[in-house]
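Please view the sequence and the structure before reading on.

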Amino acid sequence: MTTNQNPPIYTGDIAEQHIDPSKEYSAENQELVFSAEQNSIWAELFAGIHQPYLLEHLCQEYINGLALLELDPYKIPTVAHLNERITSRTGWRIERTAIRYTLADDWYKKFAQRIFLITDYLRTRDQIEFTPEPDMFHDIFGHLPFLTQEFYARIEDKFAPAYMNATQAEREVIKRLAWYSTEFGLVMENNRIKVFGAGIISGRAELANTVMEFYRLGRDNVIDYSKDVFKQLQENFLANEQDVYRIIDGVNELHQKGQMSSGEQGWNVVRALYEKLGISRAGYFGGEVILAPFSVETISKIPKTVYAFNPMFFVAESLEQMDAVLDSFLKPIALRNEK
Ligand SMILES: [Fe+2]
């Protein structure tokens, strides 16, 4: 068995599926035999991202972890190999799941035990450039290098205890915080914006588009990279805050209508919004994605939009700042006694 028989239907949010223990992998059958075609898709995806012009924009935490994980560029790794590289370093364990997109409640139950699930599904060749759902390549290449790293493990450790204790409304915010940090987060490093989120890292087109936005901000004189970049980002965000929130409202509306998830609409679904709202596509809004400072307040306003169609990315001032912002929301909930 290599793939789940029933592909999810994408309506609004990605269809999430419950773990059915009777259909799940056991400790004995974690390892799968991959076809030559699957290994060749893996190799193509790996080579597409393993490009100097892209790697230089990934955060150091990821680069360090990628070296430690020792992935084979030509072959999908075994679960044993991944655990051998990860567990001794951070205590996290990898487990195979038959689920293609696990329901958050199930996911966080595993998370609480420091188990990171990787799906058995790998995108097909015609989805090399885009797949709306996280596949094995996303899980392994995007997330697992980070799981060798203390800091990332510490970040991941925060989510489950809070999620288990949270109200429904808080759970929605927690999912968004995870989405816009570990999946689609950006972080400052040596006064440069670097990619942190696994969802960006594991998609060549989205990664390249994101990197192009960094340059676009320089080209259009929105940000002067010889000065304090994060400060300028904050100033730009504050100067345009009202329009950013109007765009977020528009995104919420589209999201509720299920219009943030179709392949045809693509990454630039916000473009039509600018027009509708009469916001000119120039300066801070001149690109294809809006970069905003990482904050609970803003993130809690914007829905988790489907993989690769994110209209906004959030930039943390440093990994420590991301840590502190997450703590400010997650810790009080994790420490709360009653549900
Ligand atoms: Fe992910």
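## Helix packing

In α8, the residues E170, V173, I174, L177 and S181 meet M322, L326, F329, L330 and I333 of α15. Sorted by kind, the residues of this contact comprise eight nonpolar, one polar and one charged. The model in which these contacts are found is a predicted one. Helix α15 spans residues 319-335, and its axis and that of α8 cross at roughly 160°. Angles over 145 degrees count as roughly antiparallel, and α8 and α15 are therefore roughly antiparallel to each other.

Helix α8 also has a contact with α7. The axes of these two helices cross at roughly 170°, which makes α7 roughly antiparallel to α8. On the α7 side the contact is made by I155, E156, F159, A162 and Y163, and on the α8 side by R171, I174, A178 and T182. These residues divide into six nonpolar, one polar and two charged.

The table sets out the two pairs.

| Pair | Axes come within | Crossing angle | Handedness |
|---|---|---|---|
| α7 and α8 | 10 Å | roughly 170° | left-handed |
| α8 and α15 | 11 Å | roughly 160° | left-handed |

## The two sides of α11

Which residues of helix α11 are buried? In this helix, residues 229-239, they are V229, L233 and N236. Because they cover an arc of only 65° around the axis, they lie on the same side of α11. These buried residues pack against the strands β5 (185-189), β6 (192-195), β7 (290-293) and β8 (312-316). On the other side of α11, by contrast, K231, L238 and A239 are exposed.

Note on methods
Residues are numbered from 1 along each chain as its sequence is written. This is a predicted model: local features need pLDDT of at least 70, side-chain atom pairs count only at pLDDT 80 or more; totals for chains, interfaces and linings use all residues. Axes are lines fitted to C-alpha atoms, for helices over the stretch in contact, and angles run from 0 to 180 degrees between N-to-C directions. Helices (H or I, at least four residues) and strands (E, at least two) are DSSP runs, numbered from the N terminus. Angles under 35 degrees count as roughly parallel, over 145 as roughly antiparallel, 65 to 115 as roughly perpendicular and the rest as oblique. A crossing is left-handed if the near helix is turned anticlockwise from the far one by less than a right angle, and right-handed if clockwise. Two residues are in contact if their C-beta atoms, placed from the backbone, lie within 7 Å. Ala, Val, Leu, Ile, Met, Phe, Trp, Tyr, Cys and Pro count as nonpolar, Asp, Glu, Lys and Arg as charged, and the others, Gly among them, as polar. A residue is buried if 20 or more other C-beta atoms lie within 10 Å of its own, exposed if 12 or fewer, and partly exposed in between; C-beta atoms are placed from the backbone. The arc is that of the directions from the helix axis to the C-beta atoms.
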